[in-house]
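Here is a short briefing for a first look. Please keep the view open as you read.

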Amino acid sequence: MWRRCRSRLAVCAVIGLAVVASCGPPRFPRELFTISAEGAEVPVMLSQTPAGRAGHKIQSESGTYLHQHQTSGTVGMGGFSYTQSAESEMPASEKLNAQVKRADSWVQIERAEYFSSDFSTYSNRTATRRLILEGTAYR
Amino acid sequence: MTAGAVIAVAAMAVAGCYTTTNVATLGPLHTRYPVSASSQYVDQSGGIVTEKDYEVVQSFSFHHDVDAALHQKTLTVLALEPDLDKIMGAIDGDAITQMRVQAIDYDSGSSYQSAGMKLTGWTLGIAGLTVVALGVGIGSDEGGTVTRVGAVITGLGVASYIIGSVLRRPASWRLDVSGNVVRRNARSRSRNAPVARDAPTARQHADVVVQTWGPRSGR
């Protein structure tokens, strides 16, 4: 009897731990915040390089957005809260690479910006994280 | 009384917004050697150097945090040049390729906890002061009790605000920087050598390249 109880308790403990572990903070999507040109077919220069001939501007961005809103309840009713979250499907680096045309010889990264904003007020809080890339593709 | 309530709500609304903004920017790096995010790079003469033209001497990585004070807007210009110069100074390389800057995490610090405590402080403080005003208005013994209750609520609000102000763990971008230090191979050097009568040898040409980019420390 005790053995059966003990094994059930162990199963419950394992399930409980798994549930607790799954409630941890959400994974930070590193790929959305990476400046990289892996797989690029042309040089993507981060250092200042003498400008080439004709060039065209390219820009991309990726990131995450979280909005939590709480409302207070009226008499006899509890309040409710909702969470809205959004995340870019593609990393900024990939989007930038996709804008490079076949005729382009190389790319100068002019500016990269890591932006974050955490806003709090009485019933709202938002968290915005963004990576913005700007560059010029030269022929 | 209605006007007082409106003023109280307005004061809470004005005082109750806390924003921490942390912006880190990276412009074109001012280095004496080419730095590329891809496997190819543009050399000082404008020529494109591919993977076939160089060998990887060493890979590197380092960590960089960008901190921001709470409830303020902080703008930081990322200066990666000193770290890269140190690496290039220690290794006899010509360029850096496949450089990657990755934010591995963002820590909002005590931003939300501090804001929560401050907001509670404002709420209790204003509510407490309102109760104190009520007590004074009522007067006599009953009014005295109401005033004391209001003072306690105000005190709790002040304490909550102070605790919120003490929480100061900064918000932080956590960045990992990695890449490869590369050296052009002999075949590539000789192919790019000038055709002049007194053309330098491959090694000498490399020295010319270094001079063009400027003197390199540690060499």
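Predicted model: local features only at pLDDT ≥ 70, side-chain atom pairs only at ≥ 80, totals over all residues.

Residues are numbered from 1 along each chain as its sequence is written, chains are lettered from A and ligands numbered from 1 in the order written, and side-chain values use heavy atoms, without hydrogens and water.

**Chain B overall**

- Chain B holds 6 helices and 7 strands; helices (H or I, at least four residues) and strands (E, at least two) are DSSP runs numbered from the N terminus.
- Along the sequence its pattern reads α-β-β-β-β-β-α-β-α-α-β-α-α.
- Chain B has 219 residues, and 45% of them count as buried (under 20% relative accessible area, 1.4 Å probe, protein chains only).
- Contacts are heavy atoms within 4.5 Å. In chain B, residues 24 or more positions apart make up 81% of the contacts with a separation of 6 or more.

**The sheet**

- An open sheet of 4 strands runs in the order β1(A)-β6(B)-β7(B)-β4(B), with antiparallel pairing; strands pair if DSSP finds at least two bridges between them.
- β1 (34–35) of chain A and β4 (54–68) of chain B are the edges: each has a single partner strand, so one side of each lacks a neighbour in the sheet.
- β1(A) pairs with β6 (residues 95–107) of chain B over 2 bridges, in the antiparallel sense.
- A:Thr34 sits opposite B:Gln102 in β6(B).

Technical notes:
Buried < 20%, exposed > 50% of the residue type's maximum accessible area, 1.4 Å probe, protein only.
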